[in-house]
Amino acid sequence: MNISFLALLLVVKMTFNKHFFHSVFLKVYFLDLLFFFLFFLLSSFFIHSIYVTIVSLQDTGSLLTTYENLDQDTLDINQVSEVTTLISQLDTQLERLIIFLIIFVVLLFLLYVLFQSFGWYLLLSPRLQGYRTFLLKFSFLSFLSFLLFIPLFYLILIHSRTFLLSFMFESSFLMRDFLFLAFIVLFFLFVCYLTFTGYVYLFSFSLYHSLKKIFTFRKFWLFFVFVVLFVISFFIFRYGLLLSTSLFFVSVIIIIVSFLFSLYKSFLVRVLLGGHS
């Protein structure tokens with residue numbers, strides 16, 4: 001047995017400690033479950049809205065390209081007016097796309113801070129005294145992480161698209177793109193892990209000292225446990241959605257993945273704090 005599997009067994013055994021399970025874990029799990037459901041609904045709405053806007057942009061761009069191929073000196077007044085209208089529509093659609101993206105990111109950040117700060121604090125303290133200070137430090141650390149996540153998400157999406165298109169339609173396995181994509185995903189998980197360890201330290205230390213303690217990489221084997229749980233969650237999503245995309249089946253997947261996420265958070269806190277929460 002490798003250390004990741006043993007750690008997972010220890011997580012389950014620890015979580016089903018009766019007192020901890022009823023007094024803390026169920027509350028944390030409920031918050032995580034609610035967060036993931038709201039994240040799914042929010043993402044579904046905004047992704048659909050962004051997709052519709054992008055399609056409109058492409059249609060408008062295609063019409064403008066048609067006029068660009070014509071001799072500009074032969075355009076009549078009606079055609080010039082239509083080109084002006086299309087340019088105005090293009091500007092409006094671009095503004096709408098940017099607004100959708102900004103609103104989505106802001107709402108996602110606020111949703112994350114609201115639910116996750118409370119969940120982490122419950123794992124760290126049975127009392128809510130001092131939560132406001134923790135919330136401020138949590139928000140700042142999360143904001144720093146989000147600034148890193150945005151370009152990382154962009155790189156993952158771009159290189160995933162290039163790699164998958166080549167693999168699916170050209171039957172070519174681009175090793176260089178695959179390795180770069182794997183590196184970006186690992187780096188993204190690494191940033192997530194460091195952020196999680198920072199949340200644990202925020203309870204007992206100032207923001208500055210918490211940031212310093214993050215990079216001591218204490219009990220770094222916990223990162224590999226996190227990677228294993230991420231891979232498990234990925235395959236649950238991947239093969240679960242292949243079986244069915246119904247709302248019921250998606251809900252079951254979210255319930256399972258939320259449980260794994262709550263397990264890991266609980267385990268991380270207990271191990272980093274030496275068994276004391």
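The largest cavity in this predicted model has a lining made of Tyr 193, Thr 197, Tyr 201, Lys 213, Ile 214, Phe 217, Arg 218 and Leu 272. The elements that give two or more residues to this lining are helix 5 (175-202) and helix 6, and helix 5 gives the most, with three residues. By class, you get five nonpolar, one polar and two charged residues around the largest cavity. Here Ala, Val, Leu, Ile, Met, Phe, Trp, Tyr, Cys and Pro go down as nonpolar, Asp, Glu, Lys and Arg as charged, and the others, Gly among them, as polar.

The volume of the largest cavity is about 30 Å³, and a search of the whole structure turns up one cavity of 30 Å³ or more. A cavity is a set of points on a 1 Å grid, over the protein atoms alone, where a 1.4 Å probe fits but cannot get out, and its lining residues have an atom within 4 Å of a point. Grid points are joined across faces, edges and corners, and the volume is the space filled by probe spheres set on the points.

A word on ground rules: residues are numbered from 1 along each chain as its sequence is written, and side-chain values use heavy atoms, with hydrogens and water left out. Since the model is predicted, local features need pLDDT of at least 70 and side-chain atom pairs count only at pLDDT 80 or more, while totals for chains, interfaces and linings use all residues.

Now the overall fold. The chain has eight helices and zero strands, with helices (H or I, at least four residues) and strands (E, at least two) taken as DSSP runs numbered from the N terminus. Of its 277 residues, 38% count as buried; buried means under 20% relative accessible area, exposed over 50%, and partly exposed in between (1.4 Å probe, protein chains only). Among contacts with a separation of 6 or more, 76% come from residues 24 or more positions apart, a contact being heavy atoms within 4.5 Å.

Phe 217, one of the cavity-lining residues, sits in the loop between helix 6 (207-214) and helix 7 (221-243). Lys 219 is also placed in the loop between helix 6 and helix 7. Here is how the two look:

| Residue | Phi | Relative accessibility |
|---|---|---|
| Phe 217 | about 55 degrees | 35%, partly exposed |
| Lys 219 | about 50 degrees | 30%, partly exposed |

Phe 217 has its positive phi although it is not a glycine, and that goes for Lys 219 too.

Next comes helix 7, whose 23 residues should span 33 Å at 1.5 Å a residue; its end C-alpha atoms are 34 Å apart, which agrees. The expected span is 1.5 Å times one less than the number of residues. Buried residues of helix 7 include Leu 222, Phe 223, Ser 233 and Gly 240.

Helix 8 has 26 residues and reaches 37 Å from first C-alpha to last, close to the 38 Å expected. Just after helix 8, Gly 274 takes a positive phi of about 70 degrees.

Finally, the salt bridge count is one, where a salt bridge is a side-chain nitrogen of Lys or Arg within 4 Å of a carboxyl oxygen of Asp or Glu. The partners are Lys 265 and Asp 32, at 2.8 Å from N to O. Lys 265 lies in helix 8 (residues 247-272) and Asp 32 in helix 2 (residues 18-68), so the pair ties together parts 233 residues apart in sequence. Lys 265 is buried, at 0% relative accessible area, and Asp 32 is buried at 0%.

Definitions and conventions
On a 1 Å grid over the protein atoms alone, a cavity is a set of points where a 1.4 Å probe fits but cannot get out, and a pocket is an open set with protein on both sides within 12 Å along at least five of seven lines; lining residues have an atom within 4 Å of a point.
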